[in-house]
Each structure stands twice: as C-alpha cells, then as structure tokens.
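Below is a short briefing on one chain, for use beside its sequence and model.

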Amino acid sequence: MQENNPTPDQALNAQEADHADKAAEQTTAEGHIDTMPSLEEAVRTAELKAQEHHDAWLRAKAETENLRRRAQEDVEKAHKYAGEKFAQAMLPVKDSLEAALSAENSTFENLRDGVEITLKQLVSAFESTGVAAVDPVGEKFDPNLHQAISAQPHDGEPNTVLTVLQKGYTLHGRVIRPALVIVSAAKA
C-alpha cells in the first residue's frame, strides 16, 4: 500500500488552489474582485509615503531654520539700534553746544541764555525718550530710588529726604541712577 503523504510542492500547490477557490467564491458572493496588492506594490507605496514624509520634514526643518535666523536678526537689530531714538533727541543739544562754542564776542548774558535753551532741549530730549528725573526733597526715603549718603538729626519725620546732592534718573520707570540724598534722623 502506498502512503498518501504529499510532497512540499504538492502541499504548496494545494494551498494555492485552495486560496484561488476561496477568492473565486468571494468574488461571486460580493460581485467584485477583492485583490490584495502585491508585495512589490506595497513596498512601492510605502516608499512613496516615506519620501513624502521625508520631504515634509525637510521643508519644516528649513522653515524652522529660517524663523530662527529671522528672530536672531531681529534681536540683533533691536540691540544695535536701541539708542537711535535717544541719539536723535540728543542731536539738537549737540548742535546748540557747537553753535555756542563757535560764537564770537559772546557776552555772559548771551552765554547764559544759550545754556538755558540747551538745558531745555536736554530736558525735552529726556522726556521724549522716557528719562525722568528723581528729585525727592521732602519725600519719604525710598531705597529703590534713593541712595542715602548720611543722616542728620531733624525735628520732622525720620527717614525723610532733607537734601538732594545729586538727582536720580529713571528710564521708563527703571532706575538708571539713584538720587544721592541726606535723610532725617530722629533726635536723640
């Protein structure tokens, strides 16, 4: 009696025939052909998607690099030209000083008038650029705005600014130089 064991090739052929029968049954049951993509087609589709994603990543990387470079340039320009407004406000002051020095036969009164006009231009330039003077005579001592040089016994409220030795200045509210002051102290 001969054994009925199929060879590997026969088993493979039988499997393929079985798949073909099932596909034919499915086709007739659904009315259309349901095909699986071949392995090469699936690889090709995956490669196309991978290429699309790679291209999109390259574009996003380039755009991010451009944004970073533009932001860095903006910051550099902001630092470089931060003093432009102040410089423009100071130019008339410099012009007035140069005109005063070039004048011949100036009298003391003319020189004093010129200095007063120049001081007004300077104050105007400070105001237009956000520089404000701190002149706290009679105010309560504020260590955030004032620097006390000494304290003098006084009949009034302690820690009150009696004398301003040098005005302080702020730039848009930030202290750029505290006022040097003498404050009151309680009498012993």
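**Overview**

The chain has four helices and six strands, where helices (H or I, at least four residues) and strands (E, at least two) are DSSP runs numbered from the N terminus. In sequence order the pattern is α-α-α-α-β-β-β-β-β-β. This is a predicted model, in which local features need pLDDT of at least 70 and side-chain atom pairs count only at pLDDT 80 or more, while totals for chains, interfaces and linings use all residues. Residues are numbered from 1 along each chain as its sequence is written, and side-chain values use heavy atoms, with hydrogens and water left out. Of the 188 residues, 11% count as buried (buried is under 20% relative accessible area, exposed over 50%, partly exposed in between, with a 1.4 Å probe and protein chains only).

**Largest pocket**

- The largest pocket has a volume of about 150 Å³; a volume is the space filled by probe spheres set on the grid points, which are joined across faces, edges and corners.
- A pocket is found on a 1 Å grid over the protein atoms alone, as an open set of points where a 1.4 Å probe fits, with protein on both sides within 12 Å along at least five of seven lines; lining residues have an atom within 4 Å of a point.
- The lining of the largest pocket consists of Leu119, Leu122, Val123, Phe126, Glu127, Val131, Ala132, Ala133, Lys167 and Tyr169.
- Helix H4 (108–128) and strand S1 (131–134) are the elements that give two or more residues to this lining, and H4 supplies the largest share, five residues.
- By class the lining has eight nonpolar, no polar and two charged residues (Ala, Val, Leu, Ile, Met, Phe, Trp, Tyr, Cys and Pro count as nonpolar, Asp, Glu, Lys and Arg as charged, and the others, Gly among them, as polar).

**Helix H4**

- H4 has 21 residues and reaches 30 Å from its first C-alpha to its last, close to the 30 Å expected at 1.5 Å a residue; the expected span is 1.5 Å times one less than the number of residues.
- Just after H4, glycine 130 takes a positive phi of about 85°.

**Aromatic contacts**

- The structure holds two aromatic pairs (ring centres of Phe, Tyr and Trp, its six-membered ring, within 6.5 Å; planes under 30 degrees apart are stacked, over 60 edge-to-face and the rest tilted).
- Phenylalanine 86 and phenylalanine 126 are stacked, because their ring centres are 6.2 Å apart and their planes lie at 20°.
- This pair links distant parts of the chain, with phenylalanine 86 in helix H3 (residues 84–102) and phenylalanine 126 in helix H4, 40 residues apart.
- Phenylalanine 126 also pairs edge-to-face with tyrosine 169, at 5.9 Å centre to centre and 75° between the planes.
- Tyrosine 169 lies in strand S4 (residues 168–171) and phenylalanine 126 in H4, so the pair ties together parts that are 43 residues apart in sequence.
- Phe86, Phe126 and Tyr169 form one aromatic cluster.
- Phenylalanine 86 is partly exposed at 34% relative accessibility, and tyrosine 169 is partly exposed at 22%.

**Nonpolar core**

- The largest nonpolar core has six residues: Val134, Val161, Val164, Ala179, Val181 and Val183 (a core is a set of buried Ala, Val, Leu, Ile, Met, Phe, Trp, Tyr and Cys residues joined through side-chain atoms within 4.5 Å).
- Strand S3 (161–166) and strand S6 (179–185) each supply at least two residues of this core, and the largest share, three residues, comes from S6.

- Most residues other than glycine have a negative phi.
- Asparagine 159, which is not a glycine, has a positive phi of about 65°; asparagine 159 sits in the loop between strand S2 (146–153) and S3 and is partly exposed, at 40% relative accessible area.
- Histidine 172, also not a glycine, has a positive phi of about 50°; histidine 172 is in the loop between S4 and strand S5 (174–177) and is exposed, at 66%.
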